[in-house]
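Here's a quick briefing to read with the model open beside you. Have a look at the structure, then come back for the notes.

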Amino acid sequence: MADFDRSVGTVTIIVQAVGYTTKRLAKLNEGDSILNLAGPLGKPTEFGTPKKASVIGGGVGCAIAYPQAKALYNMGVKTEVIAGFRSKDIVILEDEMKRVCDNLYITTDDGTYGEKGFVTDVLKRLAENDTYDLVIAIGPVPMMKFVSLLTKKYGIKTIVSLNPIMIDGTGMCGGCRVTVGGETKFACVDGPDFDGHKVDFDSLIKRNGFYREEETHACRMGDIYNG
Amino acid sequence: MADMSPVKTKMPEQEPQIRNKNFKEVALGYTPEMAVAEAKRCLNCKNKPCVSGCPVNVKIPDFIEKVADGDFEGAYKIINETNSLPAVCGRVCPQEMQCEGKCVRGIKGESVGIGRLERFVADYYRENCERIIPKIEKNGKKVAVIGSGPSGLSCAGDLAKKGYEVTVFEAFHTAGGVLVYGIPEFRLPKSIVKSEIDGLKALGVNIMTDMVIGKVLTVDEIIDMGYDAVFIGSGAGLPMFMGIEGEDSVGVYSANEYLTRINLMKAYIDGYDTPIKHSKAVAVVGGGNVAMDAARSAKRLGAENVYIIYRRSEEEMPARGEEIHHAKQEKIEFKLLCNPTRVISDENSKVVGIECIKMELGESDSSGRRRPVPIEGSEVLINVDTVIMALGTSPNPLIKNTAKDIETNKRGCIIVDENMQTSKDGVYAGGDAVTGAATVILAMGAGKKAAQAINEKLKTKN
């Protein structure tokens, strides 16, 4: 969920069509409906009182990084956004993000847009030359892992936003359990935000592949379904 | 004169080796002839011990008398006076510990099959009678019920019958709580739950789904919306884990996740969108009804070997005798006095086995059961590709975290007085949210008691 507008009663949801369900969502047209929508769930982010923050979004994770940057910027925090994408054709929210930060850095893995490289390359450069007291990282789990490893070196408080496989989002299924500081936490009710320096990312990466075989199968079925 | 046969009229069931390959109901129910025959075994005793054994005090001998006379619709009306969900109770209540456990016929021989008769009457009514919607005079007062599981539905039903305008807030997209996400189709068909809920809607109960209370609205916000009282029946949904090595491997489920995927998300239907592992060998850890449900579901999804791993002996198992019996008939293997020490996975983090240690029973613990003690060096490896943790659940924290003036105990259970009232005025609670994980009927009893207390409090209020 990237944005909302109370005056008209809408929320903006950005979906990347990668699996069976998201591909079906992507087929919807204006005026279509889905059966259910519930939320907001989870705990709101607690920023504390930072002076200078770096908000890092990876791919579709920018949909969440954007409102975080907006909130910090509106709090008067000096805010920089680093947005990384695989390639130019999937760059999203560039104008929106530009409006809610002091500096926006865009990277692409293949160099087709912005700076060639990873978000961590930019972060490293910035952290070498400046002092940050908060980093927020939202994106693919390996990206959050490497951002956290880097910020640990610089001693910067780091919040990551986790999105493990989840059924209900209300604490019932236990599917979204993650190990944080040696304890089992549920991303849906205890998170989604956690201290990036305490999360067991490797365990999370393997659990996110729980249904890879089934998902591949369903996607093939989805392709048939979608024509 | 009562029929003095010492045994219950048998209820037809699907054959074990057929039913463990499908999700159709195991027990098939009485025919009218069987029901009349069984009803004639009731002595209609004066002091009615059975009624005192029922958490919702169904007038048991009265309805059974109607069954014996062949007046099944009349029998239904008697049950429905005090029980909002008879088709559910007739199937999942532990009658042997309640009404049937107190039946005089049970002293020499088997008790009257009260549960089977209740089920028959409810099914007969649903299939053959036109639903009678009683004329209810509205009293102009509003009550909010949080959660549409057994306690919430029973509270809502009783209050609606007394003229209250009742709104039920359900977090999920479908009403029914554990009745729809937890208890499998083969024990409680979802069409039956739906029909019972439709009955409540016909009484005027308004059910709002996708309302995660504590998130979408807080209890205070509900009160501000003009409700005169609130009942919290949010259940005990948070699954527990063992905290052993390898528990985060691919192939380890909580029973809640496994059963929800199968039931509410319909993975039991071949070709349905919901992904679920079709396992070859499954270890279910735990000894309660939920463990039996998970094991029997895994078998039905095609697993060749399904093990129940339980650290005490069969005697201490919290599951109903009938569930254990059914599981054994369906070739579920019991590994008793056996406790997992770690889950073993391959290089891709997929489960390949579970290591367990043998246990022996030592001194009695605080629960009065003998404490299981590990036998050193007795580790065994069981080859499985899936592990399901069915260790119990604790109350969901969403309401507790957002309503600080509602007191809870150390286990996160809401504290209530003898009238089911919480520490917050006008807010009541019952069911698993108060007791921790228990049974459907105890939750229903709590919902009923709260409804009475709410009515006492509100009936004089203008």
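L93(A) sits in the loop of chain A that runs between strand 4 (78-85) and helix 3 (94-99); helices (H or I, at least four residues) and strands (E, at least two) are DSSP runs, numbered from the N terminus. This is a predicted model, in which local features need pLDDT of at least 70, side-chain atom pairs count only at pLDDT 80 or more, and totals for chains, interfaces and linings use all residues. Residues are numbered from 1 along each chain as its sequence is written, chains are lettered from A and ligands numbered from 1 in the order in which they are written, and side-chain values use heavy atoms, with hydrogens and water left out.

- L93(A) isn't a glycine, yet its phi is positive, near 60 degrees.
- With a relative accessible area of 14%, L93(A) is buried (buried is under 20%, exposed over 50%, partly exposed in between; 1.4 Å probe, protein chains only).
- N44(B) is partly exposed, at 33% relative accessibility.
- The peptide bond from G39(A) to P40(A) is cis, with omega near 0 degrees; P40(A) lies in the loop between helix 1 (20-26) and strand 3 (52-58) of chain A.
- G191(A) and P192(A) are also joined by a cis peptide bond, with omega about 10 degrees, and P192(A) is in the loop between helix 6 (187-190) and strand 11 (193-195) of chain A.

**Where the chains meet**

- Chain B puts 34 residues into the contact and chain A 30 (contact means heavy atoms within 4.5 Å).
- Together the two chains bury about 2,800 Å², 57% of it on carbon and sulfur atoms; that's the accessible area (1.4 Å probe) lost on being put together, summed over both.
- On chain B, the residues losing the most area to chain A are K215(B), D248(B) and D273(B), together 20% of what that side buries.
- There are 2 salt bridges between the chains (a side-chain nitrogen of Lys or Arg within 4 Å of a carboxyl oxygen of Asp or Glu).
- D273(B) and R24(A) pair up in a salt bridge, 3.5 Å from N to O.

**Confidence**

- Chain B averages a pLDDT of 93, and 100% of the residues score at least 70; pLDDT is the predictor's confidence in each residue, from 0 to 100.
- The model scores ipTM 0.89 and pTM 0.91.
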